[in-house]
Amino acid sequence: SEADAPRPSRGRGAFLAALGLVACVVVIFSGVVFRGESLVFTNNYNPLDYRHVAEAYGPNFFPAPVWMERNLLAFANFHDPGATWWQWEPAGEFLRKGFRKGEWPLWDPYVAAGAPALANPTATAFFPPYVLLLLAGNTVLLKNAYFLALLLVAGFCTERFLRGHGLAPVASLFGALAFMFCGGIVQT
């Protein structure tokens, strides 16, 4: 009978779930994992220098003719990129430099004429994993790893939550996948 069948241990079930989630992320984001593509909205697009030159983007960028030959824009335009270009990424650099100097990021000079950082409804400066990202260098590679890690942690916690509430392993895995792949990162 089914009741007599051996069940995998809790640790093994968690390991298999994590392995399944990692496999799905690697397959779905294979361009990011294997081919150097990016989830970063701007891929550190320089809105102050619109020329596509190595001085603005580093040595491994794709020049404009490569994009034009493929009938593509030089940046993703799925969402309004202005918030990322003009607020989030400059604020990240400001915070990174402030943390390195030992200054608390309590005032954000990039919003209007300046504003308290806590007045921002998305106060990422106080999210510990984001602080670690900033302290580690805030590079495009690190941001991609950060985004994928957030997806994996969200999926794994969702799977464990669903398993803890009595759902079958496959149902929990699909619930985690639905949660992981329904947000803004996937839309990018």
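Colleague: Which residue does arginine 96 form a salt bridge with, and how far apart are the closest N and O atoms?

Modeller: Arginine 96 pairs with glutamate 93, and the closest N and O atoms are 2.8 Å apart. Keep in mind that this is a predicted model.

Colleague: Why are arginine 96 and glutamate 93 separated by about one helical turn?

Modeller: The general idea first. An α-helix has 3.6 residues a turn, so residues three or four places apart point the same way. Now the case here. Arginine 96 and glutamate 93 are 3 residues apart in helix α5, so about one helical turn separates them.

Colleague: Is arginine 96 buried or exposed?

Modeller: Buried, because its relative accessible area is 17% and the cut-off is under 20%. Glutamate 93 has 27%, so that residue is partly exposed.

Colleague: How many salt bridges does a search of the whole structure find?

Modeller: The search finds 3. One of them joins glutamate 159 to arginine 160, with 2.8 Å from N to O. Glutamate 159 is buried at 2% relative accessible area, while arginine 160 is partly exposed at 26%. Another joins glutamate 37 to arginine 35, with 3.6 Å between the closest N and O atoms. Glutamate 37 is partly exposed at 43%, and arginine 35 is exposed at 57%.

Colleague: Now the core. Which residues have the most contacts inside the largest nonpolar core?

Modeller: In general, nonpolar side chains tend to be buried together in soluble globular proteins. Here the largest nonpolar core has 22 residues, and Phe29, Leu148, Met180 and Phe181 have the most contacts inside it. Two or more residues come from each of α1, α5, α6, α7 and α8. The largest share, 5 residues, is from α7.

Colleague: How should I read the aromatic pairs?

Modeller: A pair of aromatic rings is described by the distance of the centres and the angle of the planes. The count in this model is 3 pairs. For phenylalanine 29 and phenylalanine 181, the centres are 6.2 Å apart and the planes are at 40°, so the pair is tilted. This pair links distant parts of the chain, 152 residues apart. Phenylalanine 29 is in the loop between α1 and α2, and phenylalanine 181 in the loop between α8 and α9. At 8% relative accessibility, phenylalanine 29 is buried.

Colleague: What are the centre distance and plane angle for tyrosine 146 and phenylalanine 147?

Modeller: The centres lie 5.8 Å apart and the planes are at 50°, so this pair is tilted. Tyrosine 146 and phenylalanine 147 are buried. Ring pairs also bring in Tyr130, giving a cluster of Tyr130, Tyr146 and Phe147.

Colleague: Which residues are buried in α6?

Modeller: Tyr130, Val131, Leu133 and Leu134. Down the axis of α6, the buried residues fall within an arc of 155°, so they line one face of the helix. The face turned away from that side carries the exposed residues Pro128, Leu132 and Ala136. Glycine 137 follows α6 and has a positive phi, near 135°.

Colleague: Last, the surface. Which residues make the nonpolar patch of about 310 Å²?

Modeller: Phe15, Leu16 and Leu19 make that patch. Leucine 19 lies in helix α1. Its relative accessible area is 47%, so leucine 19 is partly exposed.

Technical notes:
Residues numbered from 1 in each chain as written. Predicted model: local features only at pLDDT ≥ 70, side-chain atom pairs only at ≥ 80, totals over all residues. Heavy atoms only, no water. Patch = residues over 30% accessible without salt bridge, like charges linked within 9 Å, V, L, I, M, F, W, Y side chains within 5 Å. Areas by Shrake-Rupley, 256 points an atom, 1.4 Å probe, with all protein chains shown as cover. Salt bridge = Lys/Arg side-chain N within 4 Å of Asp/Glu carboxyl O. Helix = DSSP H or I, 4+ residues; strand = E, 2+ residues; numbered from the N terminus. Buried < 20%, exposed > 50% of the residue type's maximum accessible area, 1.4 Å probe, protein only. Core = buried A, V, L, I, M, F, W, Y, C linked by side-chain atoms within 4.5 Å. Phe/Tyr/Trp six-rings, centres within 6.5 Å; stacked < 30°, edge-to-face > 60°. Arc of directions from axis to C-beta.
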